[in-house]
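Me: Hi! Could you walk me through a structure I have open here?

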Amino acid sequence: MNRAEDAPETMSAAPSPVATGVIMIAMAIAVWWPAFTLGAWGELFFDQILTVWAASTAAFFFIVFDRRPQRRRVVKAIALLLPSVWLVLEFIAANTDDPLTLLGDAVGFIAVFFAIPFTIWILVRVMWPEFGNDIPVVGRWMIVVSIAVIATASFLLGVNHPHFLTCEDFAVSGNSEPAGCTHIDELP
């Protein structure tokens, strides 16, 4: 028997539209909350950035030590180090008015909004190396555009939270009340 005969039918080299949809949904789930918090509270929460750091660091080690040939291994490894660079900059410039603080904030922002989808993509490719090879350019753009639309819409929902959420909604969910939230007794 050859390897093709031994492989399960579900792991074909060509990804199905369903698999592409699953990746798109996973990226959307990972991106919406950081975008919303940036809109509602005007900042990214540390747990969001540290979650990205943990996943991207694990993916970094896999990329570096994986013996299989990979295209653009160095570029992937450098991109996956972005959250670690942010963390180091935060330690160096903590509680100072130093320009490194601004740089650290910028790297943190980039780490969250670009590293989340990129890290998910890399993790998918680690688990299923052939995934994406046969996705046409239109399919790749569909993923990128849908994630950009969801991130933008989530940010705008966060900015406009007083129009559809109350302070009590935030409190009952275990979140702090963002500035400008509306209390139930203030509703018309």
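This is a predicted model: local features need pLDDT of at least 70, side-chain atom pairs count only at pLDDT 80 or more; totals for chains, interfaces and linings use all residues.

Me: Great. How many disulfides does the structure hold?

Reply: There is one. The bond runs between Cys167 and Cys181, with an S to S distance of 1.9 Å.

Me: Which hand does the disulfide have?

Reply: It is right-handed, because the torsion about the S-S bond of Cys167 and Cys181 is about 105°.

Me: And where do Cys167 and Cys181 lie?

Reply: Cys167 is in helix H8 (residues 167-172), while Cys181 is in the segment after H8, so the pair ties together parts that are 14 residues apart in sequence.

Me: Is Cys181 buried or exposed?

Reply: Cys181 has 13% relative accessibility, which is under the 20% cut-off, so Cys181 counts as buried. Cys167 counts as buried too, at 0%.

Me: Nice. Switching topic: how much space lies in the second largest pocket?

Reply: About 230 Å³. It is lined by 13 residues, and Ala30, Gln48, Thr51, Val52 and Ile116 are the closest to its centre.

Me: Which elements give two or more residues to that lining?

Reply: Those are helices H2 (17-41), H3 (46-65) and H6 (99-127). H3 has the largest share, with five residues.

Me: What's the lining of that pocket like by class?

Reply: Nine of the lining residues are nonpolar, three are polar and one is charged.

Technical notes: Residues are numbered from 1 along each chain as its sequence is written. Side-chain values use heavy atoms; hydrogens and water are left out. On a 1 Å grid over the protein atoms alone, a cavity is a set of points where a 1.4 Å probe fits but cannot get out, and a pocket is an open set with protein on both sides within 12 Å along at least five of seven lines; lining residues have an atom within 4 Å of a point. Grid points are joined across faces, edges and corners, and a volume is the space filled by probe spheres set on the points. Helices (H or I, at least four residues) and strands (E, at least two) are DSSP runs, numbered from the N terminus. Ala, Val, Leu, Ile, Met, Phe, Trp, Tyr, Cys and Pro count as nonpolar, Asp, Glu, Lys and Arg as charged, and the others, Gly among them, as polar. A disulfide is a pair of cysteine sulfur atoms within 2.5 Å. Buried means under 20% relative accessible area, exposed over 50%, partly exposed in between (1.4 Å probe, protein chains only).
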